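Open the model in your viewer and keep the selection tool at hand. We will go from stop to stop, and at each one you will hear what to select and what is there.

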There are 2 protein chains.
Amino acid sequence: MLDTFKQELEKVKECWVKSYGQLCSIARALDVVGDRWTLLIVRELLIQGPSRFGEVQRGLPGIATNLLTQRLRDLEANGVVTRESSPGATGVPTYRLTDRGTALDGVLRELLKWGAPTVPDAPRDAIFQMHWLSQPARFLLQDHRPTEPAVVIRFGTLDDGFDLTAARGVVAVQPCKLDASPSASVTGPGPVLVALLQGAMPLALAVANGVRVEGDASALDRILPPTR
Amino acid sequence: MLDTFKQELEKVKECWVKSYGQLCSIARALDVVGDRWTLLIVRELLIQGPSRFGEVQRGLPGIATNLLTQRLRDLEANGVVTRESSPGATGVPTYRLTDRGTALDGVLRELLKWGAPTVPDAPRDAIFQMHWLSQPARFLLQDHRPTEPAVVIRFGTLDDGFDLTAARGVVAVQPCKLDASPSASVTGPGPVLVALLQGAMPLALAVANGVRVEGDASALDRILPPTR
DNA sequence: CTGGATCCGGGAAGATACTG
DNA sequence: CAGTATCTTCCCGGATCCAG
């Protein structure tokens with residue numbers, strides 16, 4: 001009898017998602033994406049595109065595997081991500097944002113714009129991954145020479161990075177493509193790159209501080225903001 | 001000796017805010033406003049303006065007092081709110097958003113837009129407070145008759161509500177003003193009002209479902225979206 | 001009575017070992 | 001590689017108590 005009671009309790013707990021219980025759009029949104037790590041998981045899937053478990057995990061240093069599992073299940077249950085067994089009958093799952101998940105883009109953009117000023121104040125030992133920069137690049141940079149032919153600038157490496165395309169006045173980013181042939185390639189320490197993209201440091205100074213540019217360095221001027 | 005060690009540990013923990021430790025704007029923002037309740041506290045201060053502890057608490061049913069205290073302290077430490085002893089030497093604190101706090105407006109707007117479609121699916125026992133509707137009103141409604149003289153519509157009561165002003169094509173909201181003389185006054189059950197403002201229910205049907213309009217009901221047509 | 005501080009139980013987060 | 005199982009730690013939530 002105690003067992004049946006415990007089972008009952010388990011089933012209740014299973015269905016009972018922690019909710020603010022408010023009839024309010026903001027609270028409803030936070031019911032779904034307000035938990036710790038959740039929006040960062042969405043960030044990873046938005047940047048990297050459809051990803052496997054381990055790929056998501058690599059972009060979230062410090063997350064516990066069980067927690068990542070749970071969050072992905074919750075997001076799946078809420079229609080934010082789908083979990084597909086990849087083709088080839090290997091049965092390896094791939095996680096992909098649904099349209100509903102992609103719609104969180106605006107939320108991430110506003111968080112990014114709000115958080116950007118505080119990035120330089122981050123602790124010195126904060127971890128840096130190049131692909132995280134793709135969103136600031138997307139939202140904060142512009143193509144200052146819209147009439148010139150398109151250029152592709154690679155930030156980072158195939159391992160961890162992104163390709164930025166400036167064309168017709170628009171800046172776009174995407175995961176590194178093997179078949180892309182970047183006009184320029186940029187690597188360097190995180191804090192310096194952040195300062196560079198935020199216009200807090202001119203390119204020459206950034207290079208003096210460890211940023212390496214290979215290829216057509218002038219392509220960078222096309223998208224970098226004026227130094228403040 | 002053990003005591004001194006414990007004291008040391010306490011001091012470290014005091015300064016150590018839980019952080020994702022990532023050099024990323026989004027993660028930095030979530031370091032500050034990613035904790036449970038935090039953004040809802042900001043919502044309350046944004047809607048109600050400078051408020052006392054109890055006023056904030058009333059807008060957050062279920063929050064523990066100690067947690068509200070802690071969150072307000074954290075927000076203060078992060079420059080999002082200020083805590084002032086109210087004039088009159090009573091020493092009663094008033095909490096107010098700083099400019100940095102007000103800048104979270106965009107984040108709340110995007111969360112609201114993302115969460116809005118799920119509000120009708122909220123549990124039946126979800127709590128409703130009228131002033132929460134002021135943000136959807138602000139972000140989702142428009143003034144369809146910009147050339148006519150301004151109107152003020154009161155939603156709810158002085159206790160819990162807001163005044164909506166439609167003028168020159170712009171919709172604005174503010175806490176209920178004692179000296180305001182609304183053209184119309186609206187009250188009713190939460191779910192019906194939500195449907196009404198989202199354009200999911202025409203006004204006549206809303207009235208049939210418990211919405212009460214006093215004064216110039218035609219003023220409502222001016223701002224309500226077309227029924228989908 | 002408002003604005004908190006303190007204490008405690010339960011549950012979520014975090015770390016790690018283990019398995020198909 | 002993609003999780004599951006397990007254990008620990010710590011935060012959240014509720015009640016109670018205290019001060020002005």
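Start by selecting B:R100 and A:W114: the charged end of B:R100 sits over the ring of A:W114, 3.8 Å from its centre. Before moving on, please keep in mind that this is a predicted model.

Next, select B:R36 together with A:Y20. Here B:R36 lies over the face of A:Y20, at 4.3 Å from the ring centre.

**Aromatic pairs**

A search of the whole structure finds 4 aromatic pairs over all chains. For one of them, select A:W37 and B:Y20, an edge-to-face pair with 4.8 Å centre to centre and 70° between the planes. This pair crosses between chains: A:W37 is in the loop between α2 (25–33) and α3 (38–48) of chain A, while B:Y20 is in the loop between α1 (2–15) and α2 (25–33) of chain B.

For another pair, select A:F155 and A:F162. These two rings are stacked, with 5.0 Å centre to centre and 5° between the planes. Both A:F155 and A:F162 are buried.

**The axis**

Zoom out and show both chains. How does chain A superpose on chain B? A rotation of 180° with 0.0 Å of shift along its axis does it, with an RMSD of 0.0 Å. The two copies are therefore related as by a two-fold rotation axis. To find your way to that axis, select A:V107: of the residues of chain A, its C-alpha comes closest to the rotation axis, at 3.0 Å.

**The interface**

Stay with both chains and select the residues in contact. The same surface serves both copies, as 100% of the contact residues of chain A recur in chain B. The size of an interface is often given as the accessible area lost when the parts come together. Chain A and chain B bury about 4700 Å² between them, and 67% of this area is on carbon and sulfur atoms.

For the last stop, look for charged partners. How many salt bridges are there across the interface of chain A and chain B? The rule finds 2. To see a salt bridge, select B:R109 and A:E110, whose closest N and O atoms are 3.4 Å apart.

Notes:
Residues numbered from 1 in each chain as written. Chains lettered and ligands numbered in written order. Predicted model: local features only at pLDDT ≥ 70, side-chain atom pairs only at ≥ 80, totals over all residues. Heavy atoms only, no water. Phe/Tyr/Trp six-rings, centres within 6.5 Å; stacked < 30°, edge-to-face > 60°. Helix = DSSP H or I, 4+ residues; strand = E, 2+ residues; numbered from the N terminus. Buried < 20%, exposed > 50% of the residue type's maximum accessible area, 1.4 Å probe, protein only. Lys NZ or Arg CZ within 6 Å of the ring centre and 35° of its normal. Least-squares fit on C-alpha atoms with pLDDT ≥ 70 in both. Contact = heavy atoms within 4.5 Å. Buried area = accessible area lost by both parts, 1.4 Å probe. Salt bridge = Lys/Arg side-chain N within 4 Å of Asp/Glu carboxyl O.
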